[in-house]
Amino acid sequence: MTQPLNRTLCIAPMIDWTDRHYRYLMRLITKKTMLYTEMITANAIIHGPRARLLQYSPEENPLTLQLGGNNPDDLIFCAKLAEDLGYSEINLNVGCPSDRVSRGDFGLSLMYKPELVAECVNALKQAVNIPISVKCRIGVDDKDSFEELTHFIQGIVNAKADFICIHARKGWLNGLSPKENRTIPPLQYDTVYQIKKLFPKQLMGINGGITTLDDINQHLQYVDSVMIGREAYHNPMLFKDVDQLFYNEKSHDITPFDVAERLIPYIEAELKSPDRKLNHITRHTLNLFNSYPNARLYRRFLSEHATHPEAGVHTFKEALSYVKG
């Protein structure tokens, strides 16, 4: 029996951005928002440095591992590892449009194969006790009718997925880059709302172009969950009040300076590992002081100095001195 998760707010999986250091930073701001790993391919876990790929801090939970793959047995192998490691949920990526992913016949290309997606979800549901979810788009290439989307979602619902998050844009495997796929196809929020109406008992979330607390409130009138991507990275302090506003937690009135101070012990601990460099962590803090005086000086100092071999906590503290005044 799976434990219920509160997915009212989620931070989207973003390659090169939502690594374990970013997720730890965000946990200093919001304790309740659902966090996602970057997409990790099943092949990378099976054949690569799985301990490093799956490493995370316990403080990051609730945390979803997003997997890329199309082979049920491979996905099961990875899901069982993740369950043993204490991950909160497994998410199947059915939305990434990159060439590498398409060549591997997973990600967005799986929207051409609804039966295979349903098979993968069903296999995962049978294999582990943690929730299984899917992140997809509203269509792919010219396979973008409402009827085709409904058929695709119906298969996932029948496979008893615990949660479905839909990026409210279609994706193009040919003709658009991954970056263009995030902006050029028009947002169609109403399509996601209509899918939720068709499947009222299915927990369903929406993703794409959401940047404000007002946006979140608007979408939550129609769906169960809101997922925010790039705005969560470019404006991390957007989340400082969400635990109070959306999870009925007490206000903790946190400032960027509080976050930075609480990050220092984490930096000290991480830098004890010889393969860990200061910029691996502090690159995620560059947007922490947006709109503060001298935020540009803070960003410039870290960008110039955090990559040096001798950079350490003292470097971070010196950067902070610019915004503290």
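I'll start with Val94. Setting aside neighbours within four places in sequence, Val94 is in contact with Gly107, Leu108, Leu110, Met111, Val117, Val134, Lys135, Cys136, Arg137 and Phe152; contact means heavy atoms within 4.5 Å.

This is a predicted model, where local features need pLDDT of at least 70, side-chain atom pairs count only at pLDDT 80 or more, and totals for chains, interfaces and linings use all residues. Residues are numbered from 1 along each chain as its sequence is written, and side-chain values use heavy atoms, with hydrogens and water left out.

Now the cores. A nonpolar core is a set of buried Ala, Val, Leu, Ile, Met, Phe, Trp, Tyr and Cys residues joined through side-chain atoms within 4.5 Å. Buried means under 20% relative accessible area, exposed over 50%, partly exposed in between, with a 1.4 Å probe and protein chains only. The largest nonpolar core has 100 residues, and Val94 is among those with the most contacts inside it, as are Cys136 and Phe316. A second, separate core has seven residues, including Cys10 and Tyr36.

Next, Cys96. UniProt, in an unreviewed entry, places the feature "active site" at Cys96; such annotations may be inferred rather than shown by experiment, feature names are shortened, and positions are given in the numbering used here. Is Cys96 buried or exposed? Cys96 is buried, with a relative accessible area of 14%.

Last, Arg7. Arg7 also counts as buried, at 6% relative accessibility. The side chains of Arg7 and Glu89 are joined by a polar contact of 2.8 Å, that is, a pair of N or O atoms within 3.5 Å; within protein, one must be able to donate a hydrogen and the other to accept it, and residues adjacent in sequence count only if both atoms are side-chain atoms.
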